[in-house]
Amino acid sequence: MYVRHLQLVGFRSWDRVDLALRPGPTVFVGRNGEGKTNLVEAVGYLATMGSHRVSGDAPLVRHGAPQAVVRAALRREDRELLVEVEINPGRANRVRVNRSPLARPRELLGLVKSVLFAPEDLALVRGDPAERRRFLDDLLVSRTPRLAGVRSDYERVLKQRNALLKTARMARGDALATLDVWDAHLVDLGGQLLAARLALVADLAPHVARAYATVAGAGAAVAGLGYASTVPLAGEGAPLAEGAATPTAGELSAALRERIAERRRDEVDRGMTLVGPHRDDLVLHLGPAPAKGFASHGESWSLALALKLGCFALLRADGEEPVLVLDDVFATLDAGRRAALADVARSAEQTLITAAVLDDVPPELRGARVEVGGGHAILTVENTADDEGGPP
């Protein structure tokens, strides 16, 4: 898959921009603050319906604009896909695919696949568990789009249950009786989400281990992934052994039900749900030790990069070639990590790279260049073969 044409209207700093793109590497080069990252952020938004830089949609709309539009023509083998997302702060977003509206924006998830590596990804190693849960769930939905509904329904039930627990803490009585209904929903959805996450961690772990060995070089510790859950059956953080069986959704739902019953008094006292996948964590290991708190700065960078390269390898193994987006990362990497990343980037069907200075980008990735500055993005160096026409 690759983006053939990208059009933005009222998105971030861009009033309007039209860009023809091609397979292979493209470097967006310009001074900081000119809007390079905004361009690749839009591509990532089509894949996840979210930004890697902010938690909400409002900052994505240009100041003074009523809405933002991201429109892209994508080529998947011999088929073309036209995707348009209308971002409406305070109102429901609208999505069209091949000019036909989708009933729900989340139906877009899974149609566009991309993997983005950015300086913010260091938080996957050093940040809070919420960063790693989001990382897992975004990858999960990209591989299995129907799980977007499970995740959304779980979050809705969790919100309702938390509201009821706050009421129960004050009133008890009838409120506690109603809680059993929400427990049943939480247990069902939570079991499905836990099972999917565990299967994903098992699939991802060997790809991350191989990527880390390549990035970190000879003599480096072995990278591993574990899952730490409030439901012991789902894991307590130890690295998963390759090929190990994972519990079923039904088994996890039963274990979740038991754990909720055990913590009922604590939940009522605190007015919040204390058990479930919303409190779990993806545990990153280097050798026998967890990476968080033990990994050096260089090891943390290598592990963050290995996580994203592992994602890329996993999606590729699923049979879909994702767009690889590298946002201002080459300047922060040493020679060995730059070379390892360049090898993967060169092999991708399409790689979109941002850099303040062209010399930061390895020469073999300078196949096409977009000069970004002064409110314009202009393709100045391009491969002339396979010209596929104008905008969608």
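A residue is called buried when its relative accessible area is under 20%, exposed when that area is over 50%, and partly exposed in between, using a 1.4 Å probe and protein chains only. Helices, the other term required here, are DSSP runs of H or I with at least four residues, strands are runs of E with at least two, and both are numbered from the N terminus.

Good morning, colleagues. The structure above is a predicted model, in which local features need pLDDT of at least 70, side-chain atom pairs count only at pLDDT 80 or more, and totals for chains, interfaces and linings use all residues. Residues are numbered from 1 along each chain as its sequence is written, and side-chain values use heavy atoms, with hydrogens and water left out.

I begin with helix H1. H1 covers residues 36-48, which makes 13 residues. From first C-alpha to last, H1 reaches 19 Å, close to the 18 Å expected at 1.5 Å a residue; the expected span is 1.5 Å times one less than the number of residues. How many of the 13 residues of H1 are buried? Twelve are, and the helix is therefore described as mostly covered. Among the buried residues are Lys36, Glu41, Tyr45 and Ala47. Just after H1, Met49 takes a positive phi of about 60°.

I turn now to salt bridges. A salt bridge is a side-chain nitrogen of Lys or Arg within 4 Å of a carboxyl oxygen of Asp or Glu. By this rule the model has 28 salt bridges.

One of these joins Asp138 to Arg134, with the closest N and O atoms 3.6 Å apart. Both residues belong to helix H3 (residues 129-143), and because they are four residues apart there, about one helical turn separates them. Asp138 is partly exposed at 22% relative accessible area, and Arg134 is likewise partly exposed, at 37%.

Another salt bridge pairs Arg143 with Asp318, whose closest N and O atoms are 2.7 Å apart. Arg143 lies in helix H3, whereas Asp318 lies in the loop between helix H8 (297-317) and strand E13 (323-327), so the pair ties together parts that are 175 residues apart in sequence. Arg143 is partly exposed at 26%, and Asp318 is partly exposed at 43%.

In a further pair, Asp334 and Arg337 have their closest N and O atoms 2.5 Å apart. Elsewhere, salt bridges that share partners join Arg161, Asp180, Asp183, Arg264 and Glu267 into one network.
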